[in-house]
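Here are my notes for your read-through. Please keep the model open beside them and check each point as you go.

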Amino acid sequence: MRVPVLVEHAPSPSAPASVARRPPPPSAAGPRIAAVRCALPPHRYAQHELTGPIGDLCLSPGADRALLHRVHASAGVRTRHLALPIERYARLGDFGRSNGAWLETGLELGEEALSGALREAGLTPADVDLLVFASITGVSAPSLDARLAGRMGLRPDVKRLPLFGLGCVAGAAGLARVHDHLRGHPEDTAVLLTVELCSLTLQRGDASRANLVAGALFGDGAAALVARGGNTDGVNTDDGGSGSGSGSGSGTVASASGPRVVATRSHLYPGTEGLLGWEIGAAGFRVVIDAGVPDIVRGHLGRHLRAFLAEHELTVDDIGTWICHPGGPRILSAVSETLGLSEDALDRSRRSLAAVGNMSSVSVLHILEDVRVRRAPEPGTWGLLLAMGPGFCSELVLLRW
């Protein structure tokens, strides 16, 4: 296949190049991540248990399954959680039933993740001022976040920002948009909720390589991240939940150990719109995964990432904690090669991929939760959370513990 040639748009005179527009040093009181919590469906399978049933769904009877077995064996996945028991997928029938299952299971997992994250942060639903919601595996109006608001007791004046179309990059992009809001509203508490039930998008009777790769790689889950504005550190939250926002609930805020979000950067790669995403038709979401994606990563990610770090007088070597979306083994290898990372720098991403598969926008939050649970970095450690998705695009989030 032919990899698109990227033509970077030259900056206009009124918009000088990024190296010439160094931002002022970030305030020490930037937004802080107070909690991260993931929720996984109870239906957990070893990879080898799924190969046969997925072959039955995607391939015609008697078809050669050599490619299917190779893809499953090389995906870097050991176990995955599915929204439904595997035997139910053959009975879904059409997009309407699949989307109905997304809404039903998504509400359950979304509530579990959001409730857990708020408890970890020592907050209540009434403390949430902004709720950003991301999913690319189902649709509804009212959106899932609106349905959760009344179900969980969020305030009627909560600001909501449902996002669709960002795919795997939405975990990083959603955190970046939370950062943007909290920089302008330092008294607020913001939540990012992501729900991805990738298995419900698997196309029955589709033997394409992209569909087989998706059937081998993706898993299901939800995650919630709670972030607090810089003016909320040390706020006493014992006034019984007055519903006025900005930490009005009861409990002890646990934000002190989380990293601050220092800066973010978004980047679109012109001419690459057809590399990754969905073809949406009567059967629902048909996956598009072009084999040229790793080459785009190798050719361009390193340059933009290094320029972003240089604006903050940092280099790749200054980053002590990497939180990289585990798009698959080839994507992780491409990221490692283009940045010249050490052998173990992306081990957290590989562990996440092996344990739960690629959960689209949920994955970077799953890795961030692992960082917090296993062993938080030492104070002063720089971290970089990064993901890529349809567009083709990348999103970078600079963190500091």
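1. Start with Cys168. This is a predicted model, and in it Cys168 is buried, with a relative accessible area of 12%. The cut-off for buried is under 20%.

2. Now take Cys393. Cys393 is also buried, with a relative accessible area of 8%. The closest cysteine sulfur to that of Cys393 lies in Cys168, at 9.8 Å, which is too far for a bond.

3. How many disulfides does the structure hold? The count is zero. As background, a disulfide is a covalent bond between the sulfur atoms of two cysteines.

4. Next, the largest pocket. About 1,000 Å³ of space lies in it. The lining has 50 residues, and those closest to the pocket centre are Val213, Leu217, Phe218, Ile289 and Gly327.

5. Which elements build that lining? Those giving two or more residues include helix 2 (66–73), strand 3 (79–82), helix 7 (293–310) and helix 8 (329–339). Strand 9 (276–281) and strand 10 (284–289) are also among them. Helix 6 (209–217) belongs to this group too, and gives the largest share, eight residues.

Notes
Residues are numbered from 1 along each chain as its sequence is written. This is a predicted model: local features need pLDDT of at least 70, side-chain atom pairs count only at pLDDT 80 or more; totals for chains, interfaces and linings use all residues. Side-chain values use heavy atoms; hydrogens and water are left out. On a 1 Å grid over the protein atoms alone, a cavity is a set of points where a 1.4 Å probe fits but cannot get out, and a pocket is an open set with protein on both sides within 12 Å along at least five of seven lines; lining residues have an atom within 4 Å of a point. Grid points are joined across faces, edges and corners, and a volume is the space filled by probe spheres set on the points. Helices (H or I, at least four residues) and strands (E, at least two) are DSSP runs, numbered from the N terminus. A disulfide is a pair of cysteine sulfur atoms within 2.5 Å. Buried means under 20% relative accessible area, exposed over 50%, partly exposed in between (1.4 Å probe, protein chains only).
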